[in-house]
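Here are my notes on the model. Please read them with the structure open.

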Amino acid sequence: MTIRTYVKSTLFLALIAISLGGLLLHLRIHPASQNTSNFLPIVSGILSVIVVPLLFSGKKTIGYGYTLNGFLVIIGTIGMAHFAIDHWPEPATFESIVLKTTLPDIIVLWTKFFVGKAIFDLELFGYDPGRSKVGVTYRYPNTGWWIVHLVAISTVYTISGWLWR
Amino acid sequence: MNKFKMFSLNWWVLHILALIFFIFLGHAIHF
């Protein structure tokens with residue numbers, strides 16, 4: 001086994017483990033039978049555990065795996081932030097906002113994004129330790145592009161939630 | 001922009017579809 005295959009397998013296991021953990025956690029805390037909105041994390045979780053690793057494993061589909069993985073993280077972030085706003089702690093102190101909202105869950109979710117990014121970047125840019133990182137931050141596939149999409153999707157989702165109830 | 005080939009769709013088509021999807025999601029999700 002080459003180091004490339006070994007590192008890739010390790011990252012794949014990390015991706016599947018965190019996705020499966022998230023899916024099972026969601027199934028435990030709020031089953032879909034209680035609220036149809038709870039289907040969102042279940043569908044996202046199933047896509048993350050099965051479809052994302054399959055797309056990541058093909059050379060031609062790796063870009064789609066990376067894109068789907070990133071958008072699932074963005075959807076999870078927005079969904080959990082929405083949940084936190086609807087279940088805002090009382091009284092809202094710094095401690096309660098940090099510890100009693102979904103902020104820790106959102107931070108854990110971003111691990112999935114960065115593991116996916118590591119798989120994609122290692123495949124796309126190679127495993128040469130001396131190679132420089134180049135490219136414009138706000139262009140695909142760099143992190144700035146994701147921040148632009150996070151802000152844009154959050155805005156659309158929020159305005160839609162206000163105007164079309 | 002011309003090199004954009006995600007899902008074999010044009011950039012504008014993909015973004016309009018995404019816009020519709022996220023408008024629907026914002027409307028549909030209630031906690």
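1. Terms first. Axes are lines fitted to C-alpha atoms, for helices over the stretch in contact, and angles run from 0 to 180 degrees between N-to-C directions. Helices (H or I, at least four residues) and strands (E, at least two) are DSSP runs, numbered from the N terminus.

2. Provenance. This is a predicted model, where local features need pLDDT of at least 70, side-chain atom pairs count only at pLDDT 80 or more, and totals for chains, interfaces and linings use all residues. Residues are numbered from 1 along each chain as its sequence is written, while chains are lettered from A and ligands numbered from 1 in the order in which they are written.

3. Overall build. Chain A has 6 helices and 0 strands. Its pattern along the sequence is α-α-α-α-α-α. The C-alpha trace of chain A spans about 50 × 35 × 35 Å along its principal axes.

4. Helix pair. In chain A, helix 1 (residues 3-29) packs with helix 5 (residues 103-125) at an angle of about 155°. Their axes are 10 Å apart. That angle makes helix 1 of chain A roughly antiparallel (over 145 degrees) to helix 5 of chain A.

5. Contact residues. Contact means C-beta atoms, placed from the backbone, within 7 Å. Helix 1 of chain A contributes residues including A:Val7, A:Leu11, A:Leu15 and A:Ile18. Among those from helix 5 of chain A are A:Leu109, A:Val115, A:Ile119 and A:Leu122. A:Lys8 and A:Lys112 also take part.

6. In chain A, 58% of the contacts with a separation of 6 or more join residues 24 or more positions apart.

Conventions. Angles under 35 degrees count as roughly parallel, over 145 as roughly antiparallel, 65 to 115 as roughly perpendicular and the rest as oblique. Two residues are in contact if their C-beta atoms, placed from the backbone, lie within 7 Å.
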